[in-house]
Amino acid sequence: MEAPHQQEPVVQRLRFRYAKRGRLRFTSHRDFSRAFERALRRAQVPIAYSSGFSPHPRVSYANATPTGVASEAEYLEIALNRVADPELVRAGLDRALPIGLDLIEVVEAKTSDFATRLEASLWQLRLPGVSKAEATSAVAELLAQNEVIVERKTKDGVRKMDARAAICTLFLVPDPADDVAIVGEGVESVILNAVVRNGSPSVRPDDLLAALRVVAGLVPTSPALVTRLAQGSLDASGNVADPFGPERD
Amino acid sequence: MRSLWTQLEPLLPKVHKPIQYVGGELNSCVKDWDSADVRWALMYPDAYEVGLPNQGVMILYEVLNEMEGVLAERTYAIWPDLEKLMRENGVPQFTVDGHRSVADFDLLGLSFSTELGYTNMLSALDLAGIPLAAIDRTLDHPIVIAGGHAAFNPEPIADFIDCAVLGDGEEAVIKITKIVKEWKLAGRPGGRDGVLERLAAAGGIYVPRFYDVEYLEDGRIKRVAPNRPNVPFRVNKHTVMDLDEWPYPKQPLVPLAETVHERMSVEIFRGCTRGCRFCQAGMITRPVRERSITGVAAMVEQGLGATGFAEVGLLSLSSADHSEIAEMAKGLADRYEGSNIGLSLPSTRVDAFNIDLANELTRNGRRSGLTFAPEGGSDRMRKVINKMVTEDDLINTVSAAYQNGWRQVKLYFMCGLPTEEDEDVLQIAVLAKRVIDAGRQATGGKDIRCTVSIGGFVPKPHTPFQWASQCDHETVDRRLKLLRAEVQSDRRYSKNIGFRYHDGKPSTIEGLLSRGDRRVGKVILTAWQRGQRFDGWSEHFSYDRWATAAEDVFADSPVSLDWFTTRERLEREVLPWDHLDSGLDKEWLWSDWQESITGGEVDDCRWSPCFDCGVCPSMGTEIQIGPTGKSIPLIPISPLVNT
């Protein structure tokens with residue numbers, strides 16, 4: 001058998017922040033990655049391919065949100081075999097993706113520790129049919145605990161884990177007019193913001209909701225609408241910093 | 001028209017693969033409801049992952065949406081998890097484009113590639129709030145139209161549909177749209193029957209309620225005749241001539257959800273005259289009409305640009321038979337050199353395959369396995385089905401493939417073909433071992449694989465086997481067991497031969513639905529009422545539910561499940577689809593059936609004289625093939641680079 005075709009070397013790496021919005025929040029990570037590979041071809045991006053018998057475009061993803069969760073802060077990196085204008089590539093890819101899967105921002109990769117900078121996530125949870133008073137006391141009760149064990153269904157059965165330790169901050173968004181969530185319409189609801197450490201085992205929004213249920217019996221009348229607003233390193237006061245900061249310096 | 005999205009959205013986090021219900025696919029469109037005069041809902045009656053890539057629906061969706069004042073949206077079968085939630089919450093069957101209620105459209109067009117979508121149609125009608133029985137519908141309900149290959153015998157679903165379209169759909173949907181528009185503008189004269197009468201008179205459209213069926217005491221059909229004036233005795237199929245004038249889909253739909261075909265497809269020709277006697281598709285789509293090599297190249301270029309797919313499927317019933325397939329494969333491989341774009345021919349005949357072609361197809365893409373469909377296990381069997389490929393042809397082809405770097409060959413067969421004996425099926429094991437031997441000899445290695453896939457044969461309407469007795473599933477299963485034992489008996493080969501089979505029971509039900517008449521409608525309804533759905537999915541298919549439904553419905557009647565399936569029909573019997581004209585001369589079909597039993601072969605009329613199947617003269621059509629002598633020019637690939 002012939003030797004596999006040698007692929008051209010990588011000359012540039014681009015990092016993107018992208019969003020999963022509205023109804024396209026139901027896109028799974030696998031769905032997104034297939035759509036993204038097709039967008040690379042439609043936009044004629046000079047993407048580098050892996051070598052081997054079945055070459056794959058060189059794309060790496062960080063911490064994808066669960067299916068059904070919207071996001072304003074997903075990250076991925078691509079490798080190119082020709083030097084390209086980052087903003088032209090971003091605009092081309094964004095046009096090639098369906099509306100709702102939107103490439104928001106691009107930087108040229110200058111650092112190698114990007115993934116480790118994605119220390120924590122800022123989640124916004126909109127809870128339909130929950131009153132302010134209920135939410136306030138549930139949040140206080142959750143924060144008062146040292147440990148809250150929740151159950152998560154996995155392929156291999158039910159897994160138990162602590163959902164409390166990873167929570168850095170959790171609070172009610174005081175004025176919903178400031179709310180930037182882009183999902184849900186016409187439902188009375190409260191909005192919680194939470195900064196949660198990404199680490200392992202990762203605590204996901206579902207686990208957070210389970211924790212509120214466990215400590216305070218808090219159950220929204222219809223499924224919570226969750227959006228990841230930011231990802232990045234944690235500062236001393238528990239805020240999430242822009243992970244592209246070092247790239248821009 | 002209000003969108004159902006806000007009602008649907010809270011249900012989606014609770015169901016499997018919610019992305020399939022949200023729409024918004026690349027190249028999909030949502031037109032303004034109020035400015036449309038005629039509104040179509042198009043349904044592929046199976047799960048989204050199967051239905052979305054369907055070329056028929058995609059073509060009609062685009063053709064209709066290109067028309068001014070016409071709107072088309074898509075809907076698919078809904079899995080039981082969401083169906084349950086929708087019923088609990090009062091959410092009706094919706095379109096994925098605008099999330100509009102299917103009941104609010106003027107027309108609901110269903111594309112039936114197989115009969116296994118019938119129960120899903122009933123689910124969709126019921127969820128939509130449309131009465132299941134066509135005669136119970138009022139002016140408030142859509143006109144329900146069946147199309148696709150199964151529409152060539154729509155009698156089993158005659159109670160549930162308002163009409164069926166025979167043949168190619170592109171021009172037919174335009175014609176139907178115009179008729180419905182005129183009828184609406186005229187104030188809907190004559191009500192529902194009024195528009196159906198106009199459709200029936202237009203040709204190519206069958207309205208079951210305008211025909212009465214009489215039966216003999218022994219259960220056979222006595223006659224089928226129109227019950228009102230201006231309705232034709234026979235309904236002709238529609239044939240699109242000059243495929244180059246219909247370069248659809250131009251903007252193929254690209255789903256976010258994973259589907260069964262992750263590629264862009266271009267139909268390189270329609271129809272087939274190889275004359276395989278089991279093949280309904282080859283019989284009802286005659287004559288062969290090729291798309292030109294330059295027409296194909298233009299569609300590939302536009303489609304790749306519109307979708308970003310990495311693989312192009314060159315579709316047809318036997319793609320290597322295109323008169324310029326070699327030039328096409330080479331031209332496309334040259335044009336997309338270095339782009340990692342792969343080409344594939346989803347159906348390739350052993351005798352039309354050659355290594356040069358295969359090398360061109362895989363030049364820029366991946367060299368996966370080769371797939372062939374000898375269909376019959378023995379040379380004798382292949383003569384009966386008119387699949388003129390000898391075992392030696394196959395071994396020669398496979399040896400050449402192994403010498404050129406392929407390591408895996410898949411072979412497709414059918415079990416239960418007319419006149420089949422145990423040894424015909426056991427010959428498949430001999431063949432598979434010869435394939436492995438050929439591979440070992442060609443490569444000097446042992447790392448060779450051959451996968452044998454086999455399923456039960458179902459006799460289909462409008463084929464020479466339409467009179468045949470369908471093999472009972474006990475016999476099919478027994479032969480499959482014998483074959484598996486034979487494949488596994490020799491340890492020198494058993495590790496290299498994969499064996500995949502479908503048990504015979506689903507084929508029996510498919511047989512009932514394929515060759516059934518109007519009396520089968522009650523069986524479909526009963527099986528559906530008892531929970532039958534998604535018949536193409538083994539985890540949802542229940543033979544027992546179907547068999548008991550047939551027993552209960554046919555309790556005091558001369559017919560039965562066996563009567564419709566394993567019974568051989570005689571020459572003079574009126575068949576349920578005799579009044580639906582595919583152009584094939586019934587006398588020719590009968591003589592071909594008789595010849596099959598003695599192993600008489602028929603050549604392809606593209607390369608030998610006409611054998612009088614009857615299609616061209618009766619339908620006013622002719623064979624359209626190249627070569628055109630044209631070639632595919634190179635185009636520069638322009639990456640997004642700094643210069």
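**Reading a two-chain predicted model**

A: Let's start with confidence: chain A has a mean pLDDT of 90, and 93% of its residues reach 70 or more. Here pLDDT is the predictor's confidence in each residue, from 0 to 100. This is a predicted model, so local features need pLDDT of at least 70 and side-chain atom pairs count only at pLDDT 80 or more, while totals for chains, interfaces and linings use all residues. Residues are numbered from 1 along each chain as its sequence is written, and chains are lettered from A and ligands numbered from 1 in the order in which they are written.

Q: Where in chain A does pLDDT stay under 50?

A: Where pLDDT is low, the predicted coordinates should not be read in detail. In chain A that applies to residues 178-184, where pLDDT stays under 50. The model has 20 contacts beyond four places in sequence for this stretch; two residues are in contact if their C-beta atoms, placed from the backbone, lie within 7 Å.

Q: How many residues of chain A are in contact with chain B?

A: 35 residues of chain A are in contact with 26 residues of chain B. Helix 1 (29-42) and helix 2 (86-96) of chain A each give two or more residues to that side of chain A, and helix 1 has the largest share, seven residues. Helices (H or I, at least four residues) and strands (E, at least two) are DSSP runs, numbered from the N terminus.

Q: Which domains is chain A divided into?

A: Domain bounds come from an automatic or database domain assignment. Chain A has domain 1 (12-109) and domain 2 (117-232), with 27 Å between their centres, taken over C-alpha atoms. Their contact takes 13 residues from domain 1 and 13 residues from domain 2. On the domain 1 side, strand 3 (residues 70-80) gives the most, with five residues.

Q: Which residues of helix 13 of chain B are buried?

A: A residue is buried if 20 or more other C-beta atoms lie within 10 Å of its own, exposed if 12 or fewer, and partly exposed in between, with C-beta atoms placed from the backbone. In helix 13 of chain B, the buried ones are L394(B), T397(B), V398(B), A401(B) and Y402(B).

Q: Why do the buried residues of helix 13 of chain B line one face?

A: Seen down the axis of helix 13 of chain B, they fall within an arc of 135°, so they line one face of the helix. The arc is that of the directions from the helix axis to the C-beta atoms. Their cover includes helix 11 (355-361) and helix 14 (422-443) of chain B.
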